[in-house]
Amino acid sequence: MEEKIASFEGNDKVLAEKLHRIVTSTAPELEPKTWYGMPAYALDGKILCFMQDAKKFGTRYLTFGFKDVAQLDEGTLWPTSFAITGS
């Protein structure tokens, strides 16, 4: 997975490296993986969250998203991904 993050460009690379450090230090039980060509983190073999770089997906910013396994359910509406533009 570190190789995938290293392939990101510019600010996405810097942000992804920081995000990776945050995730691995605060949730060491998550297993870093590559999922559909994206850096991701799994719990018990199931993808929980992932990063999407702007260049690959033609967007303006790095995105950090969550799969339903994350169980972020709160009320009837909740975010499943976040745009990250700075730290």
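The model is predicted: local features need pLDDT of at least 70, side-chain atom pairs count only at pLDDT 80 or more, and totals for chains, interfaces and linings use all residues. Residues are numbered from 1 along each chain as its sequence is written, and side-chain values use heavy atoms, with hydrogens and water left out. The protein contains three helices and five strands; helices (H or I, at least four residues) and strands (E, at least two) are DSSP runs, numbered from the N terminus.

**Overall fold**

- Read from the N terminus, the elements follow the order α-α-β-β-β-α-β-β.
- The radius of gyration is 13 Å, close to the 12 Å that the globule rule gives for 87 residues, so the protein is as compact as a globular protein of that length. The radius is taken over C-alpha atoms, and the globule rule is 2.2 Å times the number of residues to the power 0.38.
- The C-alpha trace spans about 35 × 25 × 25 Å along its principal axes.
- Of the 87 residues, 32% are buried. Buried means under 20% relative accessible area, exposed over 50%, and partly exposed in between (1.4 Å probe, protein chains only).
- The accessible surface is about 5,700 Å², and carbon and sulfur atoms hold 52% of that surface. Accessible areas come from the Shrake-Rupley method with a 1.4 Å probe; for residues, only the protein chains shown count as cover.
- Among contacts with a separation of 6 or more, 28% are between residues 24 or more positions apart. Contact means heavy atoms within 4.5 Å.

- The five strands make an open, antiparallel sheet in the order β1-β2-β3-β4-β5. Two strands pair if DSSP finds at least two bridges between them.
- At the edges are β1 (31–35) and β5 (81–84), each of which pairs on one side only.
- On average, neighbouring strands of this sheet are turned by 25° against each other, direction ignored. Axes are lines fitted to C-alpha atoms, for helices over the stretch in contact, and angles run from 0 to 180 degrees between N-to-C directions.
- Antiparallel strands β3 (residues 46–52) and β4 (residues 62–66) are joined by four bridges. Phenylalanine 50 is opposite glycine 65 in β4, and methionine 51 is opposite phenylalanine 64 in β4.
- β4 also has four bridges to β5, again antiparallel. Here glycine 65 is opposite serine 81 in β5.
- Helix α2 (residues 10–26) lies across β1, β2 (38–43), β3, β4 and β5, and runs at about 30° to β4.

**Cores and β4**

- The largest nonpolar core has 16 residues, and Val23, Leu30, Tyr41, Met51 and Phe64 have the most contacts inside it. A nonpolar core is a set of buried Ala, Val, Leu, Ile, Met, Phe, Trp, Tyr and Cys residues joined through side-chain atoms within 4.5 Å.
- At least two residues of this core come from each of α2, β3 and β4. The largest share, four residues, is from α2.
- Another core, of five residues, lies apart from it and includes Ala40, Ala42, Ile47 and Phe50.
- Four of the five residues in β4 are buried, which leaves this strand mostly covered.
- Not counting residues up to four places away in sequence, phenylalanine 64 touches Leu19, Val23, Tyr41, Cys49, Phe50, Met51, Thr80, Ser81, Phe82 and Ile84.
- Threonine 63 is in strand β4 and counts as buried because its relative accessible area is 9%. Beyond residues up to four places away in sequence, threonine 63 touches Phe50, Met51, Gln52, Ser81 and Phe82.

- Most residues other than glycine have a negative phi.
- Aspartate 44 is not a glycine, yet has a positive phi of about 55°. This aspartate sits in the loop between β2 and β3 and, at 73% relative accessibility, is exposed.
- Glutamine 71, also not a glycine, has a positive phi of about 50°. Its position is in the loop between β4 and β5, and its relative accessibility of 64% makes it exposed.
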